[in-house]
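I opened this entry to look up the pockets and the nonpolar cores, and I begin with what I take a pocket to be.

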Amino acid sequence: MLRACLPTLLCFTCICGNAEAQDAGSLRARHAALHEQLANNPFGRSLHVESTISDGSHKGEIYAVIEQPYGVVAPALARATHWCDILMLQVNIKRCSAANDGGGETLAAFITRKPRDPVESAHRVDFRYELAAASAEYLRVALNARSGPVGTRDYKIVVEAAPIDSRRTFMHMSYAYTLGWMARFAMDVYLAGAGRDKFGFSVVERLPDGRPVYVDGVRGVVERSAMRYYLAVEAYLDSLAAQPGQRLEARLRRWYAAIERYPQLREAVGPGEYLEMKR
């Protein structure tokens, strides 16, 4: 059945060969290695979060089993225009457009500092879109941006996916960026103020009564960001079951409902205000 979707995936871009087979094998091996974490975690579902900080580079990673066939997931994520639909679910992304500049596909995202800031105050972030691999066994998509808001740079969103069986897909999504000196100062101010009591998803220890202690600080920040982007991907995929004219509303509602499930992700804007912004 999965082999039957190969002609469809080839219509996008197919980069076949030993390297891709190895990547698919590596992703499946990671799925097997995370068996315990995917089966037993605070999420109540097959999902695992990791994060690393090194020399100003921040990276959050999500591993998840998606209850969608790979034949649905891969084509949906293999188009640049679909990624604008995904990015626009974020509260502070006010506009997104896809284009081809002759050297490849790009996405222009307009990101505000605060959710209620108008699009006129947004910082434009230009992502280079790359469909690195797309076959019946493996998908890899990357979005890269050299610079971002407030002195951030080297943004990279990467999604890998491979089929588990005829009904499920294993996905790995990473979200990374680097902080310049201005961004590090802004991060310190944030963590000393509004972000002081916020935390991420990785459990760093447990209290005597068994309650988890979650990672905080800069790792907490990047984990929250990575999770928001992952949930946007999931909401987009889920919305494809709706009629075309109802998909925008479906993915908006699904994304907001998803972040509401996690105290770490709750937004300052309520659901009604969020929907009005995005409509």
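Predicted model: local features only at pLDDT ≥ 70, side-chain atom pairs only at ≥ 80, totals over all residues.

Largest pocket. I find about 1400 Å³ of space in the largest pocket, and I list 38 residues in its lining, with Asn92, Thr112, Arg113, Tyr190 and Val221 nearest its centre. Looking up where the lining comes from, I see that β5 (123–134), β7 (152–163), β8 (169–179), α6 (181–192) and α7 each give at least two residues, while the largest share, five residues, is from α7. By class I record 22 nonpolar, eight polar and eight charged residues in this lining.

Second largest pocket. Here I note a volume of about 210 Å³ and a lining of 13 residues, of which Asn41, Pro42, His48, Phe201 and Val203 lie nearest the centre. Both β1 (47–54) and β9 (199–206) supply at least two of the lining residues, and I record the lining as six nonpolar, five polar and two charged.

Cores. I turned next to the largest nonpolar core, which has 67 residues, and in which Leu77, Trp83, Leu139, Met227 and Tyr230 have the most contacts. Helix α7 (residues 217–239) contributes the largest share of this core, twelve residues. Checking Trp83, and leaving out residues up to four places away in sequence, I find that Trp83 touches Leu77, Leu107, Tyr129, Val141, Leu143, Ile157, Val159 and Val233. A second, separate core has ten residues, among them Ala24, Tyr63, Ala133 and Ala162.

Note on methods:
Residues numbered from 1 in each chain as written. Heavy atoms only, no water. Core = buried A, V, L, I, M, F, W, Y, C linked by side-chain atoms within 4.5 Å. Buried < 20%, exposed > 50% of the residue type's maximum accessible area, 1.4 Å probe, protein only. Helix = DSSP H or I, 4+ residues; strand = E, 2+ residues; numbered from the N terminus. Contact = heavy atoms within 4.5 Å. 1 Å grid on protein atoms, 1.4 Å probe; cavity = no way out; pocket = protein on both sides within 12 Å on 5 of 7 lines; lining within 4 Å. Points joined across faces, edges and corners; volume = space filled by probe spheres on them. Nonpolar A, V, L, I, M, F, W, Y, C, P; charged D, E, K, R; others polar.
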